[in-house]
Amino acid sequence: MLFLVQDGITNGAIYALLGLALVLVFAVTRVILIPQGEFVTYGALTYASLSAGQMPGTAKLALVMGIAAFAFDLFAARRLLRWQKLARAFAVNVVLPGAVLALTSWLAGRHSPVLVNVGASLVIVALIGVFLYRLAFQPLAHTSVLVLLIASVGCHLAMQGLGLLFFGAEGQRGPALADAAATLGPLRFTGQSIAVYGLTVAFIVALWLFFGLTVYGKALRATAVNRLGARLVGIRTSLSGQIAFLLASVIGALSGILIVPITTLYYDTGFLIGLKGFIAAIIGGLVSYPLTAMAALLVGVVEAFSSFYASNFKEVIVFTLLIPVLLLRSLAAPAVEEEGD
Amino acid sequence: MSALLTIADAHVAYGKVEAVRSVSLEVAANEIVTIIGANGAGKTTLLNAIMGVLPLKGRIGFLGADLTQLEIEDRVGLGLSLVPEHRELFWSMSVEDNLLLGAFRGTSAGSASAFERVYTLFPRLKERRKQLAGTLSGGEQQMLAMGRALMGAPKLLMLDEPSLGLAPIIVADIFRTVSELRSAGVSVLLVEQNAQAALKIADRAYVMELGEFVLQGSAAEIERHEGVAASYLGFQHAGESGI
């Protein structure tokens with residue numbers, strides 16, 4: 001029994017990270033981030049490829065998206081060309097992913113330490129996340145939640161297809177972050193599960209500090225609370241969106257890197273993992289961070305028990321969790337405030 | 001006195017409906033200028049267009065820079081600030097955080113002296129600094145909106161109906177603060193339905209009707225003008241019949 005709870009909490013911790021990222025992105029940009037699962041897959045498989053000495057296709061994707069993003073910036077600034085601004089856009093959108101690509105191809109084929117591979121994978125996926133916002137969502141920033149959701153589904157499908165192209169249909173596993181293991185009573189803690197707990201807690205604390213104490217964190221919250229108000233004090237909502245996507249893609253990739261030594265990941269596994277984070281986020285009403293984290297642990301534990309006792313119905317049971325929650329929410333708040341647009 | 005804000009032949013439209021037609025306006029440094037007019041005359045539309053919230057056709061310059069191509073955020077950076085009609089505060093954040101973010105673009109972001117200056121103007125905000133903005137009373141919210149705008153040390157502060165929905169005693173307080181701003185080197189462009197109060201503190205005034213300026217002059221002249229008196233100040237001059 002206890003090991004099921006332990007297993008559930010390990011998975012739940014990962015769902016918690018993903019759920020928090022979803023809430024964050026929705027609050028700041030009103031995008032329901034379906035491609036979150038692809039960030040997980042890309043992070044995991046990029047890390048696995050690098051560890052196996054192969055060149056991950058995601059590094060090339062980052063450069064291609066960067067060049068496209070630069071073209072977008074160029075087009076947006078066509079009437080008012082300012083060299084300083086252009087040079088900065090060129091550095092961020094083209095030079096940076098180009099350098100990362102060069103570094104990655106240098107790393108591939110070499111036996112580099114685990115942490116270097118982790119770092120490279122995180123940077124690659126972070127770039128893809130930021131460029132994804134620039135290309136797909138920033139031009140739509142003023143539209144309705146529904147339009148953004150449709151764009152989000154489109155991004156998910158495109159990225160999943162690209163995932164198949166880059167990594168093939170076969171699953172991969174990556175090396176564990178830490179080999180140590182400890183036994184405590186009936187429970188056995190592997191180094192990997194301790195890394196999962198540690199990093200989840202560290203990330204949640206770091207997010208909490210970022211939003212509670214730093215000016216940029218507060219600016220992000222302000223954008224979520226009142227977009228016009230934020231613009232009127234000079235906060236660029238596009239910058240806020242990029243920061244939100246940066247955080248979400250790093251969280252997604254990190255989750256993937258944490259899972260891939262435990263389970264085999266395929267190009268489409270991320271979607272299901274992302275959906276479980278999404279359930280947690282929905283239980284938290286897409287607004288509450290602590291509620292989302294708690295719900296994610298619950299989802300993890302329910303999943304562990306149902307896969308043990310009724311493995312065929314594992315996903316059914318987990319997703320059925322949503323129905324009572326939605327029912328309860330609709331009863332508790334009969335007058336739902338619809339967004340104006 | 002040099003011109004701070006210059007607008008020439010400005011048009012603002014919602015789709016095909018022109019809400020502001022061929023308006024020209026100037027605000028000099030250290031000046032309080034008011035735009036008065038009835039509900040729906042286009043005053044709020046004009047202010048929003050100056051800030052960049054709505055697109056404006058025509059010429060608009062601020063401190064020699066051409067504003068037409070600039071985003072709201074860049075206009076803030078130049079020293080232009082708007083306190084909008086609906087205040088647009090960050091409701092779920094503390095008063096202090098609202099003020100801090102007001103200085104987001106400022107070079108002296110959130111410096112102690114900027115806070116001190118706002119707290120001196122509005123001592124109430126200092127008392128409530130840990131409270132959430134959403135729990136403030138209407139007058140306090142207006143003070144916070146103005147305080148937030150002032151944190152960025154603007155050169156021109158635009159106020160949209162600061163008296164809206166407030167008790168007369170608080171209105172008097174807010175107008176007194178506005179006139180104090182001038183001595184601190186901030187110019188003010190004030191849009192008001194409460195014409196009487198606005199004309200008391202303003203140097204110059206424009207009267208807006210159906211999207212156009214129908215009258216302009218020094219505040220004292222406008223106040224004495226018979227048509228204005230009848231339409232906006234509620235005075236009945238001898239010999240005139242009531243409508």
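Good morning. In chain B, strand 4, residues 57-62, and strand 5 pair in the antiparallel sense over two bridges. The model shown here is a predicted one. Within strand 5 of chain B, A65(B) is the bridge partner of F62(B).

These strands belong to an open sheet of four strands in chain B, with the order 2-1-4-5 and antiparallel pairing. Its edge strands are strand 2 (17-28) and strand 5 (65-66) of chain B, each of which pairs on one side only. Helix 1 of chain B, residues 43-51, packs on the sheet and touches strand 1 (3-14), strand 2 and strand 4 of chain B. The direction of helix 1 makes about 65 degrees with that of strand 2 of chain B.

I turn now to helix 7 of chain B. At 1.5 Å a residue, its 16 residues (168-183) should span 22 Å, and the end C-alpha atoms are 24 Å apart, which agrees. Which residues of this helix are buried? They include F175(B), V178(B) and L181(B). Seen down the axis of helix 7 of chain B, the buried residues fall within an arc of 105 degrees, so they line one face of the helix. The face turned away from that buried side carries the exposed residues I169(B), R176(B) and S183(B). Among the elements covering the buried residues are strand 3 (32-37), strand 7 (156-160), strand 8 (187-192) and helix 8 (195-201) of chain B. Just after helix 7 of chain B, G185(B) takes a positive phi of about 85 degrees.

Finally, the contact between the chains takes 23 residues from chain B and 17 residues from chain A. On the side of chain B that touches chain A, helix 2 (72-78) and helix 3 (95-102) of chain B each supply at least two residues. The residues of that side divide into 12 nonpolar, six polar and five charged. Thank you.

Key
Residues numbered from 1 in each chain as written. Chains lettered and ligands numbered in written order. Predicted model: local features only at pLDDT ≥ 70, side-chain atom pairs only at ≥ 80, totals over all residues. Expected span 1.5 Å × (residues − 1). Buried ≥ 20, exposed ≤ 12 C-beta atoms within 10 Å, placed from the backbone. Arc of directions from axis to C-beta. Contact = placed C-beta atoms within 7 Å. Nonpolar A, V, L, I, M, F, W, Y, C, P; charged D, E, K, R; others polar. Pairing = 2+ DSSP bridges. Axes fitted to C-alpha atoms, helices over the stretch in contact; angles between N-to-C directions.
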